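Hi,

Here is the structure I promised to pass on. Please open it alongside this note; what I found follows below.

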Amino acid sequence: MAKLEAKLGMIVDSVGQFFSGKDHLPYCDSDVVAGCEREVLEAEKQSSEEHMQDCLLRLSWALVHSKHPQDVHRGIAMLEASLPATKDPLQQREKLYLLAVGYYRNADYSRSRDLVDRCLALAPDWRQAVTLKKTIEDRITKDGVIGLGIAATAVGLIAGGIAAAVSRKK
């Protein structure tokens with residue numbers, strides 16, 4: 001009996017998570033973004049190129065994880081501008097992942113999935129990328145189910161309206 005209750009609880013939790021729309025990606029506050037921006041300004045004045053690139057990568061991370069869409073757009077633009085010049089495979093992987101997060105936050109799930117697939121081509125066992133891909137696919141599935149529900153409701157309303165109109169004519 002306890003096993004049945006546990007399984008039912010898991011099913012209910014799973015359905016609840018499906019419709020809640022929550023993902024497991026962290027969000028970043030404006031304070032963190034501002035701190036990263038200050039760090040970049042300081043690095044411009046007195047640091048090596050490597051330190052500057054590290055500061056820019058942290059700023060990009062903060063921007064694509066921001067709750068503010070304009071920050072996410074800025075992060076995507078920064079990453080897209082810097083990606084072609086990135087030769088180090090590890091940094092390329094990081095930037096592709098961050099771009100995938102940014103596009104996920106902008107609800108461009110197909111672009112996000114393409115980028116995370118490129119990430120996984122570089123590092124097939126990278127847990128963060130695998131988790132992000134599952135999150136993206138879950139979101140695509142959820143949006144598809146909701147879309148089908150809306151379409152079915154619309155068809156039902158139209159059919160009901162037609163049936164009501166026909167019954168009035170008789």
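Glutamate 39 is partly exposed, at 26% relative accessibility. Keep in mind that this is a predicted model.

The side chain of glutamate 39 forms a salt bridge with that of arginine 58, at 2.9 Å from N to O. Glutamate 39 sits in helix α2 and arginine 58 in helix α3, which covers residues 49-64. The two are 19 residues apart, and the pair links distant parts of the chain. Arginine 58 has a relative accessible area of 35%, so it counts as partly exposed.

Glutamate 37 and arginine 74 meet through their side chains, with an N to O distance of 2.7 Å. This pair also ties distant parts of the chain together: glutamate 37 belongs to α2 (residues 30-46), arginine 74 to α4 (residues 69-82), and 37 residues separate them. Glutamate 37 is partly exposed at 28% relative accessibility. Arginine 74 is partly exposed as well, at 35%.

Buried or partly exposed: which is arginine 93? Its relative accessible area is 17%, and buried means under 20%, so arginine 93 is buried. Glutamate 94, at 24%, is partly exposed.

How many salt bridges does a search of the whole structure find? The count is seven.

Now the helix pair. The axes of α3 and α4 come within 7 Å, and they cross at roughly 145°. The crossing of α3 past α4 is left-handed. On the α3 side, the contact is made by Leu56, Leu57, Leu59, Ser60, Leu63 and Val64. On the α4 side, the residues are Asp71, Val72, Arg74, Gly75, Ile76, Met78 and Leu79. By class, this contact has nine nonpolar, two polar and two charged residues.

Best wishes

Key
Residues numbered from 1 in each chain as written. Predicted model: local features only at pLDDT ≥ 70, side-chain atom pairs only at ≥ 80, totals over all residues. Heavy atoms only, no water. Salt bridge = Lys/Arg side-chain N within 4 Å of Asp/Glu carboxyl O. Helix = DSSP H or I, 4+ residues; strand = E, 2+ residues; numbered from the N terminus. Buried < 20%, exposed > 50% of the residue type's maximum accessible area, 1.4 Å probe, protein only. Axes fitted to C-alpha atoms, helices over the stretch in contact; angles between N-to-C directions. Left-handed = near helix turned anticlockwise from the far one by under 90°. Contact = heavy atoms within 4.5 Å. Nonpolar A, V, L, I, M, F, W, Y, C, P; charged D, E, K, R; others polar.
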